[in-house]
Amino acid sequence: MNTAEIQGDEKMKERIQQCKFLHHLNIKLHQVCDGVVEASVPLQPSYMQHQQAAHGGLITTLADSAAGFAAISMTPHDREVVTVELKISFLKAARGASLVAKGKVIKSGRQFHFCEAEVWSDAILVAKASATMAVVQIEQP
C-alpha cells in the first residue's frame with residue numbers, strides 16, 4: 001500500500017502498513033485528514049461475482065476500511081478502533097474499472113466513533129454504509 005500520499009501522520013502510516021488484508025486486496029488510501037478518508041481498489045477478474053459485478057464482500061471491505069481509517073484519524077495515538085457494527089446498502093452493480101470509497105466520521109467520542117462511507121464505481125454510487133467504531137486501548141503482543 002502506498003503511503004507516500006499520506007502526509008505527516010506516522011500513526012496512520014504505521015496502521016496502513018500493519019493491515020495485511022488491505023495489501024492483499026491492493027486497496028490504497030489516497031486522502032487522509034481529520035475524520036475523512038478516500039480509498040480505492042482497481043477491479044480485477046478475481047474480485048467479480050457470477051454476474052461480472054464486483055463482489056459484495058470487496059465493496060463491504062472497502063467501505064469498512066474507509067470508515068475505519070477515518071475513525072483512526074480522530075483517535076488518540078495510544079488508542080485503536082475496531083468495527084462493532086456495520087450496515088451496508090448495495091444500490092447498483094459495480095462494473096467499472098475501480099472502486100473508490102469515501103469515509104467520514106459523523107460523530108466522534110471517547111468510546112465510539114459513528115462513521116459513514118460511500119462506494120463509487122466510475123462516478124456511479126454503488127453502496128452506502130454506516131459503521132460504529134469502538135475506541136479501544138492498543139494491546140501489546
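## Before you start

Because the model is predicted, local features need pLDDT of at least 70 and side-chain atom pairs count only at pLDDT 80 or more, while totals for chains, interfaces and linings use all residues. Residues are numbered from 1 along each chain as its sequence is written, and side-chain values use heavy atoms, with hydrogens and water left out.

## The overall build

The protein chain has three helices and six strands (DSSP runs, numbered from the N terminus: helices are H or I of at least four residues, strands are E of at least two). Starting at the N terminus, their order is α-α-β-β-α-β-β-β-β. The radius of gyration, taken over C-alpha atoms, is 14 Å, close to the 14 Å that the globule rule gives for 141 residues, so the chain is as compact as a globular protein of that length. That rule is 2.2 Å times the number of residues to the power 0.38.

Along its principal axes, the C-alpha trace spans about 45 × 30 × 25 Å. Of the 141 residues, 40% count as buried (under 20% relative accessible area; exposed means over 50%, and partly exposed lies in between, with a 1.4 Å probe and protein chains only).

## Ser 40, in strand β2

Let's visit Ser 40, which sits in strand β2 (residues 36–42). Ser 40 is buried, with a relative accessible area of 13%. Its side chain makes a polar contact with the side chain of His 30 at 2.5 Å. Such a contact is a pair of N or O atoms within 3.5 Å; within protein, one must be able to donate a hydrogen and the other to accept it, and residues adjacent in sequence count only if both atoms are side-chain atoms.

## His 113, in strand β5

Next comes His 113, in strand β5. Is His 113 buried or exposed? With a relative accessible area of 1%, His 113 is buried.

The side chain of His 113 makes a polar contact with the side chain of Thr 75 at 3.1 Å. It also reaches the backbone nitrogen of Gly 109, at 3.2 Å. Ser 65 lies 48 residues from His 113 in sequence and 14 Å from it in space, C-alpha to C-alpha.

## Ile 106, in strand β4

Our last stop is Ile 106, found in strand β4 (residues 98–108). Ile 106 is partly exposed, with a relative accessible area of 48%.
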